Amino acid sequence: MRKASRRSGTWIKEALRAKDRMEKDYFDYRLSVETFGRLLESYPATRKKLALQVGAGLLVEEAAAANARKRALANSRRVADDVERARQLAAVR
């Protein structure tokens, strides 16, 4: 987009629509990952309550939930970096 002066009006409009879509999708993704992370963070306390009712053997181990949370947060950081790089490409100077 830095060289947009050499692009047609249609190209610029489509590029802006794509950027808006990316921003909306990223916003939705970020909300989902943050919610998922909070749910996984609260899992140990919830697991203890559920274990009293159904037995611990039927529930996912706390370590697996903690590992899933770590992976989700790491992927979220990677996606945030990718989005920031895309924003830099779209920055008009």
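Analyst: Two residues are in contact when they have heavy atoms within 4.5 Å of each other. Keep that cut-off in mind as we walk through this model, which is predicted.

User: Happy to. Which residues does Ser76 touch, not counting residues up to four places away in sequence?

Analyst: Ser76 touches Tyr29 and Val33 once those sequence neighbours are set aside. Ser76 itself sits in helix α2.

User: What makes Ser76 buried?

Analyst: Its relative accessible area is 14%, and buried means under 20%. The value falls below the cut-off, so Ser76 is buried.

User: Which other residues of α2 are buried, and what do they pack against?

Analyst: Besides Ser76, the buried residues of α2 are Ala65, Ala68, Ala72, Val79, Val83 and Ala90. They pack against α1, which covers residues 9-54.

User: How do you know that the length of α2 agrees with what a helix should span?

Analyst: Helix α2 runs over residues 62-90, which is 29 residues.

User: How many helices and strands does the protein chain have, and why is it called more spread out than a compact globule?

Analyst: The chain has two helices and zero strands. Its radius of gyration is 21 Å, whereas the globule rule gives 12 Å for 93 residues. The value is well over the rule, so the chain is more spread out than a compact globule. Along its principal axes, the C-alpha trace spans about 65 × 20 × 15 Å. Buried residues make up 17% of the 93 residues.

User: What share of the contacts with a separation of 6 or more comes from residues 24 or more positions apart?

Analyst: Those pairs account for 57% of such contacts in the protein chain.

User: Now to single residues. Why does Arg47 count as buried?

Analyst: Arg47, in helix α1, has 9% relative accessibility. That is under the 20% limit, so Arg47 counts as buried. Leaving aside neighbours within four places in sequence, Arg47 is in contact with Ala56, Leu59, Val60, Glu61 and Glu62.

User: And why does Glu61 count as exposed?

Analyst: Glu61 lies in the loop between α1 and α2. Its relative accessibility is 51%, and exposed means over 50%, so Glu61 counts as exposed. Glu61 still has contacts beyond its neighbours within four places in sequence, with Tyr43 and Arg47.

User: Why is Ala18 called partly exposed?

Analyst: Ala18, also found in helix α1, has a relative accessible area of 32%. That lies between the 20% and 50% limits, so Ala18 is partly exposed. From Ala18 to Pro44, 26 residues apart along the chain, the C-alpha atoms are separated by 40 Å.

User: What makes Gly37 count as buried?

Analyst: Gly37 is in helix α1 and has 5% relative accessibility. The cut-off is under 20%, so Gly37 counts as buried. The C-alpha atoms of Gly37 and Met22, 15 residues apart along the chain, are 22 Å from each other.

User: How many positive and negative side chains does the protein chain have?

Analyst: There are 22 positive and 12 negative side chains, and the centres of the two sets lie 4 Å apart. As for the surface, the chain exposes about 7,200 Å², with 58% of it supplied by carbon and sulfur atoms.

Technical notes:
Residues numbered from 1 in each chain as written. Predicted model: local features only at pLDDT ≥ 70, side-chain atom pairs only at ≥ 80, totals over all residues. Heavy atoms only, no water. Helix = DSSP H or I, 4+ residues; strand = E, 2+ residues; numbered from the N terminus. Expected span 1.5 Å × (residues − 1). Buried < 20%, exposed > 50% of the residue type's maximum accessible area, 1.4 Å probe, protein only. Rg over C-alpha atoms; globule rule 2.2 N^0.38 Å. Areas by Shrake-Rupley, 256 points an atom, 1.4 Å probe, with all protein chains shown as cover. Lys, Arg positive; Asp, Glu negative; His and termini not counted. Charge placed at Lys NZ, Arg CZ, Asp CG, Glu CD.
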